Amino acid sequence: MSDDSRPSSPITEWPDAWLLAAIRAEPPDVSALDALVARYWTSLYARCTLLTANSETASDLAQETWCRVLRARRGLDPHGNFSAYIARIATNIWRDWSRSSRRAGPLADHRLASLDAELGVGDGDTVLLRDALSDLDALPPEEQVALRLDVDRVLAGLSPRAREVLVSRYIDGESAAEIGTRLGRTEQTITSWIREAIREIRQQFGPSSAARTRGGAP
Amino acid sequence: MNRGVPIERLLRWRHGQAEADAPPAPSAEHLLELARGWWERWPERFRAQLMRLRQMPLAYGYAMSPSERDRRGHPVPTLVADAEDVETYTRVTYINVREARFRMRFQVEGAAIRPHHAFDAIFVSDASESPLCAALAVRSHADEYRVDVDLPGHLVESWGALRVTDQMPFRMILRPTDAL
């Protein structure tokens with residue numbers, strides 16, 4: 001970007017395309033990078049929290065994601081969807097990190113056929129809490145803390161792959177077919193992974209969780 | 001009464017909570033420093049390794065018949081940058097590019113190379129003074145190392161057409177991660 005065309009608006013208001021163009025330059029524009037990091041840091045960290053189920057690892061993963069982006073910064077597409085790009089980088093790194101420790105667990109491929117048979121479509125994708133809550137943010141603070149601990153415990157009990165597909169499906173809004181294309185798996189396989197993850201969540205949201213969300217003793 | 005909370009709502013709620021609790025964003029300067037590869041931190045050593053690697057013949061020491069080469073692929077000149085730099089070759093056993101994701105498995109030849117849990121793998125060419133790309137190569141079963149990395153856009157098309165039996169358009173520098 002030439003000085004003549006550099007916009008006069010505050011850099012924090014620049015669209016992604018301008019910031020990315022400035023970061024691609026040699027040397028990169030540090031102010032533009034600060035603005036871009038600030039714009040995406042919280043959402044990236046939140047995604048990493050769901051993927052890792054660990055706040056410290058989430059912070060490391062988010063930071064490593066930015067490092068990976070910066071190492072490839074000359075190839076950044078200013079007109080691409082940066083939000084989706086950085087989310088994919090984070091997911092890919094998380095997959096790398098978890099691959100070495102991944103073991104054949106409850107989501108092993110050979111078990112999927114039977115899982116399809118066990119779960120009907122009518123099961124839906126809900127978790128039973130004591131009350132039908134239209135707004136979880138409306139819960140009293142202490143109940144929000146309890147529910148959050150429950151969610152974290154349940155997520156931590158899932159395999160890394162299960163968390164990944166749940167985030168792709170429910171946070172990114174990807175279809176099972178789209179996830180399957182990305183991971184080189186069939187739509188049916190991804191659907192089975194999601195169903196199994198939901199079933200595990202349901203099982204782990206047992207009576208003690210329900211008790212905590214209504215504020216009573218577990 | 002519907003007493004269920006959709007998974008999506010639960011995850012989005014937790015996502016929102018995590019956003020609210022996010023630590024301060026790291027500074028750009030800090031990230032730029034972290035993002036520097038070892039070849040940028042020690043450019044002279046990288047240049048020396050690059051020169052040494054380029055002097056290695058493409059099939060040094062390999063008297064393979066054409067049929068064997070077709071079956072096993074061409075050896076890739078490789079420098080293992082351990083305590084001292086060791087010239088060797090790697091054999092690509094699997095290569096695939098899908099959705100700009102580069103997946104490769106390879107074996108390091110030569111008994112003198114001790115196995116490592118992982119290498120920082122640098123892919124270089126004869127035409128560029130900078131690495132084509134860098135990736136973590138993690139050891140898996142059968143003494144294979146596995147690479148799974150996002151490929152720079154300009155390489156997607158050409159590397160996407162590669163087969164294991166092709167002569168690879170790169171040479172490699174492998175640096176054990178515990179040496180970084």
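# A first look at chains A and B

Welcome to this predicted model. The domain assignment divides chain A into domain 1 (11-99) and domain 2 (109-213), with bounds that come from an automatic or database assignment. Being a predicted model, it needs pLDDT of at least 70 for local features and 80 or more for side-chain atom pairs to count, while totals for chains, interfaces and linings use all residues. Residues are numbered from 1 along each chain as its sequence is written, and chains are lettered from A and ligands numbered from 1 in the order in which they are written.

**Where the two domains of chain A touch**

- Nine residues of domain 1 of chain A are in contact with nine residues of domain 2 of chain A; contact here means that C-beta atoms, placed from the backbone, lie within 7 Å.
- On the domain 1 side, the elements giving two or more residues are α2 (30-52) and α4 (82-99) of chain A. Helices (H or I, at least four residues) and strands (E, at least two) are DSSP runs, numbered from the N terminus.
- The largest share of that side, five residues, comes from α4(A).
- By class, the domain 1 side has five nonpolar, two polar and two charged residues. Ala, Val, Leu, Ile, Met, Phe, Trp, Tyr, Cys and Pro count as nonpolar, Asp, Glu, Lys and Arg as charged, and the others, Gly among them, as polar.

- A:Cys48 lies in helix α2 of chain A.
- A:Cys48 is buried because 29 other C-beta atoms lie within 10 Å. The cut-offs are 20 or more such atoms for buried, 12 or fewer for exposed, and partly exposed in between, with C-beta atoms placed from the backbone.
- Not counting residues up to four places away in sequence, A:Cys48 touches A:Ala58, A:Leu61, A:Ala62 and A:Ala90.
- A:Cys48 and A:Ala87 are 39 residues apart along the chain, and their C-alpha atoms are separated by 8.9 Å.

**Where chain B meets chain A**

- 40 residues of chain B are in contact with 45 residues of chain A.
- On the chain B side, β1 (4-6), α1 (7-20), α2, β6, β7 and α6 (153-160) each give two or more residues.
- α1(B) gives the most to this side, with 12 residues.
- The chain B side has 21 nonpolar, eight polar and 11 charged residues.
- α2(A) packs with helix α2 (residues 28-35) of chain B at an angle of about 100°, their axes 8 Å apart. Axes are lines fitted to C-alpha atoms, for helices over the stretch in contact, and angles run from 0 to 180 degrees between N-to-C directions.
- That makes α2(A) roughly perpendicular to α2(B), a term for angles of 65 to 115 degrees; under 35 is roughly parallel, over 145 roughly antiparallel and the rest oblique.
- In this contact, A:Val30, A:Leu33, A:Asp34 and A:Val37 meet B:Ala28, B:Glu29 and B:Leu31.

**The barrel of chain B**

- A closed barrel of seven strands runs β2-β3-β4-β7-β6-β5-β8 in chain B, with mixed pairing. Strands pair if DSSP finds at least two bridges between them.
- Strand β6 (residues 133-139) of chain B is mostly covered, with five of its seven residues buried.
- Six bridges join β6(B) to strand β5 (residues 118-124) of chain B, and the two run antiparallel.
- B:Phe119 stands opposite B:Ala137, and B:Phe123 stands opposite B:Cys133.
- β6(B) also pairs with strand β7 (residues 144-150) of chain B, in the antiparallel sense over three bridges.
- In the hairpin of β6(B) and β7(B), which has four residues between the strands, B:Ala142 takes a positive phi near 60°.
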